[in-house]
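Keep the sequence and the 3D view side by side as you read.

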Amino acid sequence: MIRHGMFLTGALALGGCVTAAPPPPAQPTGTAELRVTINTTPDYVRQTIIARAAARGTAGTSPNARTIVLEREIPETTAALAAVCGPHKPGRRVQVVLTTDRAGPRTVVTERRFLIDRGSPRCAVLLTPEDVAAGNRSLAELKAQAETQMAGR
């Protein structure tokens, strides 16, 4: 479920063996959360989130009835994230917090991301345009899956 644009790759120029300089790292946009409205109940949305995470080998926890937290270790930290959250430390984790709120017969899902280092407070991640695009694609997939499966019930 988690797709992050946290790892950038350089671009190769076509034409012989010439390589172009890598593009500058994407800068955070100031966007700290993503949202989608799904046409089904919060309980069903949470079940779908947990199933999608499990299918990808990620266990989700529920600190309360409306929140799911997904975490995984990250091997490195981009320069843009390091500028905000500090240099990479062994064991650094990305935490995705998904909140489900009832909006009539629908559910509003809000996604926020944090970096976590042992013994330090969590650091909110401001999303790059690539992060926003990947996150919105993932939330659209969640919406499609939850609504399609609910319609089949």
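The largest nonpolar core counts 24 residues. Ile38, Ile49, Leu70, Leu98, Val109, Leu115 and Leu139 have the most contacts inside it. Two or more residues each come from strands S1, S3 (67-73), S4 (93-103) and S5, and from helices H1, H2 (79-85) and H3 (129-151). As background, nonpolar side chains tend to be buried together in soluble globular proteins. Bear in mind that this model is predicted.

Take Ile38 from that list. Ile38 belongs to strand S1, which spans residues 33-38. Setting aside neighbours within four places in sequence, Ile38 is in contact with Val45, Arg106, Thr107, Val109, Leu142, Lys143, Ala146 and Glu147.

Now look at S1 as a whole. Which residues form its covered face, and which the uncovered one? Leu34, Val36 and Ile38 make up the covered face. Glu33, Arg35 and Thr37 make up the uncovered face. S1 has a partner, strand S5 (residues 106-116). The two strands pair in the antiparallel sense, over six bridges. Within this pairing, Glu33 stands opposite Arg112 of S5.

Step back to the segment before S1, where Ala32 lies. Not counting residues up to four places away in sequence, Ala32 touches Glu111, Arg112, Arg113, Val125 and Leu126. Ala32 and Thr128 are 96 residues apart in sequence, yet their C-alpha atoms are 9.5 Å apart in space.

Move on to helix H1 (residues 42-55), which holds Arg46. Why does this arginine, Arg46, count as buried? Its relative accessible area is 16%, and buried means under 20%. Which side chains make polar contacts with that of Arg46? One is the side chain of Asp43, at 2.4 Å. Another is the side chain of Thr100, at 2.6 Å.

Last, the aromatic rings. How many aromatic pairs does the structure hold? The number is zero. One ring does have a charged group over it: the charged end of Arg122 sits over the ring of Phe114, 3.7 Å from the ring centre.

Note on methods:
Residues are numbered from 1 along each chain as its sequence is written. This is a predicted model: local features need pLDDT of at least 70, side-chain atom pairs count only at pLDDT 80 or more; totals for chains, interfaces and linings use all residues. Side-chain values use heavy atoms; hydrogens and water are left out. Buried means under 20% relative accessible area, exposed over 50%, partly exposed in between (1.4 Å probe, protein chains only). Helices (H or I, at least four residues) and strands (E, at least two) are DSSP runs, numbered from the N terminus. Two strands pair if DSSP finds at least two bridges between them. A polar contact is a pair of N or O atoms within 3.5 Å; within protein, one must be able to donate a hydrogen and the other to accept it, and residues adjacent in sequence count only if both atoms are side-chain atoms. A nonpolar core is a set of buried Ala, Val, Leu, Ile, Met, Phe, Trp, Tyr and Cys residues joined through side-chain atoms within 4.5 Å. Contact means heavy atoms within 4.5 Å. Rings of Phe, Tyr and Trp (its six-membered ring) pair if their centres lie within 6.5 Å; planes under 30 degrees apart count as stacked, over 60 as edge-to-face and the rest as tilted. A charge sits over a ring if NZ of Lys or CZ of Arg is within 6 Å of the ring centre and within 35 degrees of the ring normal.
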